Amino acid sequence: MVMLRLDSLALSRSRFALSPFAETLATIVQLARPAADSWHPQWHARHRVAFHDRLRADRYARGLVGLISATKYLPDHLVVPPGGGMETTLESELAEVARVPDEAVRESLRLSVAHGWGDRQQLDWFTGRDHGARAAELFREVWDTHVAADWPARRAVLQRDVTHRAGLLAAHGWPRALHLMNRRSAWVGADAIRFSDQPGPDRVVGADGMLFVPVSARRSSWLCHAPARPHALVYPARGTGVAGPASGGDRALARLVGPGRAVILRHLDVPATTSELAALMGQSVGTVGGHLAVLRDTGLVDRTRLGRRVLYHRTPLGDHLTDGAPEL
């Protein structure tokens, strides 16, 4: 069982962050597996063939993806905590990976194999030089081909999760904000977080605190660590922001309030800003703002200011209408 032992100042200095690199890593794991684990089943079906065609053409990429999609111990050089908070850029993260020396990459992969797969996976594909740069190139290609077009919607999902947890933090403290952050984590006592039920050494979180980094993949969770950096816990954000096939209740709700406003009500399971909703829906801010105005006038949603952000949320009437939409 892996425990995160918290310094007395750790929580007061912990914060949330975004990581396009972590989002890309989660995407690689999803596409390497036979079934979509989160973001969007149709997205998975559209992208998986091209992704595997890319792997068949590159033995190094195939070996690296095979390792990170199956091991329980991700290579250290690919799990560096983001350094830019909520404004971390992919370029800065890729540059950091590209600078890792070959020997450090080799040791990182060796540990991943030893702790994650034992003798089942060999590193015979690990040949040549400039392995950090080659990994960065692979991640750049995956981002450009499979993530970039969806990033505004994904980012809206991630920001919405952070906003939700920040509200819980302000009202109830860190234990409530971190509740159900992943399937295995739990608050233990006053100064520890259980991260995993897998065997492993405890980690000490110092006075710099921790970073909490959401990604859009439902079951993705890992720890990031690097010298002179705070630990980072990557965890699955609440909801993917992608609607599934319409149920009878969804269709009835759409007939009652209109299709666009029905989708907004569904998305407001978690409070969101106008721009976040626009990104999730692929609509203009003006169009979404008009729908929100109608929903406010009818008492189905309300809004709350949090700093400079205005969050919309369902009212009890909106909850009742959305959750209880009749099957017709």
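**Ground rules.** I worked with a predicted model, where local features need pLDDT of at least 70, side-chain atom pairs count only at pLDDT 80 or more, and totals for chains, interfaces and linings use all residues. Residues are numbered from 1 along each chain as its sequence is written, and side-chain values use heavy atoms, with hydrogens and water left out.

**Overview.** I began with the inventory: the protein has 13 helices and ten strands. Helices (H or I, at least four residues) and strands (E, at least two) are DSSP runs, numbered from the N terminus. Of the 328 residues, 48% count as buried; buried means under 20% relative accessible area, exposed over 50%, and partly exposed in between, with a 1.4 Å probe and protein chains only. I then looked at contacts (heavy atoms within 4.5 Å). Among those between residues at least 6 apart in sequence, 67% join residues at least 24 apart.

**Sheet with β1.** In which order do the four strands of this open sheet run? I read β3-β4-β1-β5, with mixed pairing. Two strands pair if DSSP finds at least two bridges between them. The edge strands are β3 (186-188) and β5, each pairing on one side only. Neighbouring strands here are turned by 30° against each other on average, direction ignored. For such angles, axes are lines fitted to C-alpha atoms, for helices over the stretch in contact, and values run from 0 to 180 degrees between N-to-C directions.

I followed β1 (residues 2-6) next, and found four of its five residues buried. With β4 (residues 192-196), β1 pairs in the antiparallel sense over four bridges. Within that pairing, Met3 has Arg194 as its bridge partner, and Leu4 has Ile193. With β5 (residues 203-205), β1 pairs in the parallel sense over three bridges, and there Arg5 stands opposite Val204.

**Sheet with β8.** I found another open sheet of four strands, ordered β2-β6-β8-β7, also with mixed pairing. Its edges are β2 (15-16) and β7 (222-224); each has a single partner strand, so one side of each is left without a neighbour in the sheet. Three bridges join β7 to β8 (residues 232-236) in an antiparallel run, and Trp222 has Val234 as its bridge partner in β8. Helix α7 (residues 151-172) packs on this sheet, touching β2, β6 (211-215) and β8, and its direction makes about 135° with that of β6.

**Hairpin.** β9 (residues 301-306) and β10 (residues 309-314) run antiparallel and are joined by six bridges. I checked the two residues between the strands, where Gly307 takes a positive phi near 65°.

**Helix pair.** At what angle do α11 (residues 274-281) and α12 (residues 285-297) pack? I noted about 115°, with the axes 9 Å apart. The two helices are therefore roughly perpendicular to each other; angles under 35 degrees count as roughly parallel, over 145 as roughly antiparallel, 65 to 115 as roughly perpendicular and the rest as oblique. In the contact, Thr274, Ser275, Leu277, Ala278 and Met281 of α11 meet Val285, Val288, Gly289 and Leu292 of α12. I sorted these contact residues into six nonpolar, three polar and no charged. For that tally, Ala, Val, Leu, Ile, Met, Phe, Trp, Tyr, Cys and Pro are nonpolar, Asp, Glu, Lys and Arg are charged, and the others, Gly among them, are polar.
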